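Dear colleague,

I am passing on the structure we spoke about, together with notes on what turned up when I went through it. Please read them with the model open beside you.

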Amino acid sequence: MRRITLSRYLIEEQREKGKINADLRLLIEVVARACKSISVAVGKGAIGGVLGEAGSDNVQGEAQKKLDVLSNEIFLEANEWGGHLAGMASEEMELPHAIPNRYPQGEYLLLFDPLDGSSNIDINVSVGTIFSVLRCPEGADPTQEAAFLQPGTRQVAAGYAVYGPTTLLVLTVGDGVACFTLDREQGSFVLTQENMRIPEDTREFAINMSNLRHWEAPVRRYVEELLAGKEGPRGKDFNMRWVASMVADVHRILTRGGIFMYPTDARIRDQGGKLRLLYEANPMSFIVEQAGGAASTGRERILDLRPSGLHMRVPVILGAKNEVERVAAYHRD
Ligand code: AHG
Ligand code: MN
Ligand code: MN
């Protein structure tokens, strides 16, 4: 079998399609290396002393786990000296992280959720990392959040790693979606799936059902119709899955289809939703659209949203195109 490592994939993509210049390649390789380090830390678990609470809160008022803090540090350290970045922003930091003066500056901005699915760390269920790459606008100050407030359509690359039974890296540079599997002995990511596609229809949905009583009418109607199964208006039975790590739920959808929803609801309406636009919803929406799926808030395409703040939250409905369009239609009714 021809073995294509991430490095080779990136070089050949550039050679064939001119999609990945040397700086972007370095950026993606550094991110992959950082994900490898996080994967090692996650894998050590209690032996590495990485489980449990960090004893601090992040800017969003969420209790940080040790691994949230550690993963954030791994990303910052790995990415600040290469010369490929103008700045970084993370779920775990209120403000952008400036590249220290002693290092050269590049043209890209990196946004990330260093550890997604924190509630799953201590119970040994898959967690992951999500990242998004933007260009720093000409004349913009990368130490200020304004530089990062760009619509998702401007992303030049996005991806996520899943730390599950295997460690995977899923990547798009706007030319389809590729999946790499970490070969733990060799220490390299190897291409294991190209051109991932999400079927337009599905029989599987993912939503935290415990919030049903707080949902808005369109989402409630949609899910009630799914639950009605064969005898209901949809005329077929639906299955439900909820890992509670967005990376794992989205990865399932990229692998075997489905629809994922974290809609807004009465509890969280004031903050806009649960998931964060710049480092959760946007990169995942880019990937999902590149795989033939759709991503919406119910009212708008996620990638078209104009961010109002680094940690802005939005409703997220993504996956099988026909299902996402149906939910959007119920919002219009
Ligand atoms: P994070 O761990 O980065 O804060 O994100 C957790 C998110 C997401 O991964 C997941 O889909 C969702 O929170 C789970 O929320 P519930 O606990 O409400 O199900
Ligand atoms: Mn997250
Ligand atoms: Mn996180």
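Leaving aside its neighbours within four places in sequence, which residues is Arg252 in contact with? Please keep in mind throughout that this is a predicted model. The contacts of Arg252 are Glu204, Ala206, Arg241, Val243 and Gly257. Arg252 itself belongs to helix H5, which covers residues 246-256, and Arg252 counts as buried because its relative accessible area is 11%, where the cut-off is under 20%.

Turning to the metals, the manganese ion (ligand 2) is coordinated by Asp113 (OD), Asp116 (OD) and Glu280 (OE), at 1.9 to 2.1 Å, and along the chain these donors follow the spacing D-x2-D-x163-E. Distant parts of the chain are linked here, since Asp113 sits in strand S5 (residues 108-116) and Glu280 in helix H6 (residues 277-290), 167 residues apart. Asp113 also coordinates the manganese ion (ligand 3), which is 3.7 Å from the manganese ion (ligand 2), and both Asp113 and Glu280 are buried.

If residues up to four places away in sequence are not counted, Phe180 touches several residues, including Leu6, Tyr9, Leu169, Phe189 and Leu191.

Definitions and conventions: Residues are numbered from 1 along each chain as its sequence is written. Chains are lettered from A and ligands numbered from 1 in the order in which they are written. This is a predicted model: local features need pLDDT of at least 70, side-chain atom pairs count only at pLDDT 80 or more; totals for chains, interfaces and linings use all residues. Side-chain values use heavy atoms; hydrogens and water are left out. Donors are N, O and S atoms within 2.8 Å of the metal (3.2 Å for Na, K and Ca); water is not among the atoms, so sites may look incomplete. Helices (H or I, at least four residues) and strands (E, at least two) are DSSP runs, numbered from the N terminus. Buried means under 20% relative accessible area, exposed over 50%, partly exposed in between (1.4 Å probe, protein chains only). Contact means heavy atoms within 4.5 Å.
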